[in-house]
Amino acid sequence: MNHNSIRIIDNLAEITSYHDRHVLEKSLLKTLNEIFPSQDIRLFRVREHRGSHELSLLAFCVNSVIVSSQENPRLITEPSELSEAIFRAINNADVELISNDEGKWNVIYPAFDAHGAIFAVLLISTDLVPSNGDQRLIYGLLRVYSNYLVLIEKTQKDKLTGLYNRETLDDEITKVLVRQAPHFNEEMSSPNDSRRRTFAVKYWLGVIDIDNFKTINDNFGHLYGDEVIILVARLMTSGVIRDDDLVYRYGGEEFVVVLKAPNEEDAMRTFERIREMVATHDFPQIKQVTISIGFVEVSSQPSPADVIGEADEALYYAKGNGRNQVHSYSRLLSEGKVKQVSQVVHGDIELF
Ligand SMILES: Nc1nc2c(ncn2[C@@H]2O[C@H](COP(=O)(O)OP(=O)(O)OP(=O)(O)O)[C@@H](O)[C@H]2O)c(=O)[nH]1
């Protein structure tokens, strides 16, 4: 076995040692950069949106520095020779090769999922056109990436609804808490840094519970109850929230939504839209199903359990006050209508 093959095996082992898609994507680019040292490698997500393809940047590697744009996959909208070539690669489902002004080559590889659909595109800028052997290696690595992504998604998704599961939620809240911590913002940006605006974004977590679900089960049966859970999940993901907002199945008939909004009023409006969308939907047989929502900003709570606990407190308030309503934990707290969920006692967190 030659040195190159050993390096490829090592890299494959590394790629498949992560269970986080963002780390997986960075690891893929690191591997490609090692095998084909080039100045620019970019990985785009491809999504079908209203009959056309939409591109967003997932990760890139410039001069061996690898960056994942997980917080804000930037949508690529500007028409240019390069994006036209990317769309050609997608439409032809084949590798596309174009030269640029500096005499470099841009090689574009579509990545296929298990059903043969293109879900990502890899762009490599290089001085030399990759050989046939190199091309096969790149396609092989993209297949490993695609297969492994399916496995990661399976462990993160709920079987009934296809939404993210409860285990994945804890990781997401932890990530947001770290990102929102003051020291993280200070380290990541100076006062004049334009990135500051990106980090100033606020995250809101809502716990959503179907009202009187036991009665639905009792009157229509458990299987029908499952159908209602699936329909409510679909309603939440179909246009009510933005593409980068996240929906989780938290328990039986309980969901969690993590969304971005600049302030509480905007967050309230989005959660209200979700409530209204469900309340006005015509459910087969039962006609109307309603949901109650409690939400809170994910900011400086000591742990994910505290964030959920605060949103839960607002949810219980909604349940106790007639259901089919949305409440903000901080507003209820300032009005003295709910109790503080957690407080620090001798350095320990005490949950009530
Ligand atoms: N069909 C179905 N039912 C479930 C599932 N998970 C939990 N449940 C049922 O959901 C019901 C939840 O009932 P409760 O927690 O008493 O609350 P509720 O009837 O929704 O009333 P409120 O929440 O107070 O509005 C229980 O009867 C559970 O058995 C599931 O996956 N499928």
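Helices (H or I, at least four residues) and strands (E, at least two) were taken as DSSP runs, numbered from the N terminus, and the expected span of a helix is 1.5 Å times one less than its number of residues. The structure is a predicted model, in which local features need pLDDT of at least 70 and side-chain atom pairs count only at pLDDT 80 or more, while totals for chains, interfaces and linings use all residues. Residues are numbered from 1 along each chain as its sequence is written, and side-chain values use heavy atoms, with hydrogens and water left out.

Helix 11 (residues 304–320) contains 17 residues and extends 24 Å from its first C-alpha to its last, close to the 24 Å expected at 1.5 Å a residue. Of these 17 residues, 14 are buried (under 20% relative accessible area; exposed is over 50%, partly exposed in between; 1.4 Å probe, protein chains only). Gly322, with a positive phi near 115°, follows helix 11.

Rings of Phe, Tyr and Trp (its six-membered ring) were paired if their centres lie within 6.5 Å, with planes under 30 degrees apart counted as stacked, over 60 as edge-to-face and the rest as tilted. This rule gives 6 aromatic pairs. The pair of Trp204 and Phe295 is edge-to-face, because the ring centres are 6.1 Å apart and the planes stand at 65°. Trp204 belongs to strand 8 (residues 203–210) and Phe295 to strand 11 (residues 291–298), so the pair ties together parts that are 91 residues apart in sequence. Trp204 and Phe295 are both buried, and together with Phe271 they form one aromatic cluster.
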